[in-house]
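This briefing sets out selected features of the structure shown below.

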Amino acid sequence: MPKMKTSRAAAKRFKVTGTGKLKRNKAYKRHILTKKTTKTKRNLRKATMTDQSNVKNMKKILPYM
């Protein structure tokens with residue numbers, strides 16, 4: 001059986017925590033920042049966990065993480 005291929009794009013975007021959860025960055029932080037409040041931009045800096053409904057598919061494209 002050949003090895004499964006890891007999606008390189010997903011490997012760059014997601015990290016696995018010690019407990020096996022997937023960590024990701026938040027969206028909406030790249031442009032049109034002048035109309036966003038400072039509080040909103042500050043909260044977008046923090047990483048967050050991937051929703052459990054997506055984890056099953058994410059584990060398929062990240063088999064060795």
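A residue counts as buried under 20% relative accessible area, as exposed over 50%, and as partly exposed in between (1.4 Å probe, protein chains only). By this scale Ile32, at 46% relative accessibility, is partly exposed. The model is a predicted one, in which local features need pLDDT of at least 70 and side-chain atom pairs count only at pLDDT 80 or more, while totals for chains, interfaces and linings use all residues. Residues are numbered from 1 along each chain as its sequence is written, and side-chain values use heavy atoms, with hydrogens and water left out.

**Strands and sheet**

- Helices (H or I, at least four residues) and strands (E, at least two) are DSSP runs numbered from the N terminus, and two strands pair if DSSP finds at least two bridges between them.
- An open sheet of 3 strands runs in the order S1-S2-S3, and its pairing is antiparallel.
- Strand S1 (15-16) and strand S3 (48-49) form the edges, each pairing on one side only.
- Strand S2 (residues 22-24) is joined to S3 by 2 bridges in the antiparallel sense.
- Lys23 has Met49 in S3 as its bridge partner.

**Positive surface patch**

- A patch of positive charge on the surface is made up of Arg24, Lys26, Lys39, Arg42, Arg45 and Lys46.
- Patches consist of residues with over 30% relative accessible area and no salt bridge; like charges are joined within 9 Å, and nonpolar side chains (Val, Leu, Ile, Met, Phe, Trp, Tyr) within 5 Å.
- A salt bridge is a side-chain nitrogen of Lys or Arg within 4 Å of a carboxyl oxygen of Asp or Glu.
- Lys and Arg count as positive and Asp and Glu as negative, whereas His and the chain ends are not counted; the place of a charge is NZ of Lys, CZ of Arg, CG of Asp or CD of Glu.
- Accessible areas come from the Shrake-Rupley method with a 1.4 Å probe, and for residues only the protein chains shown count as cover.
- Helix H2 (residues 38-45) gives the most to the positive patch, with 3 residues.
- Lys39 belongs to helix H2 and is exposed, its relative accessible area being 56%.

- Most residues other than glycine have a negative phi.
- Tyr28, although not a glycine, has a positive phi of about 70°.
- Tyr28 is located in the loop between S2 and H2 and is exposed at 67% relative accessibility.
- Ile32, also a residue other than glycine, has a positive phi near 55°, and Ile32 is placed in the loop between S2 and H2.

**Distances between C-alpha atoms**

- Met1 precedes helix H1 (8-13) in the chain and is exposed, with a relative accessible area of 99%.
- Ile61 is in helix H3 (residues 52-61) and is partly exposed at 34% relative accessibility.
- Ile61 and Ser7 are 54 residues apart along the chain, and their C-alpha atoms are separated by 5.4 Å.
- Lys59 also lies in helix H3 and is partly exposed, with a relative accessible area of 34%.
- The C-alpha atoms of Lys59 and Gly18 are 15 Å apart, for residues 41 apart along the chain.
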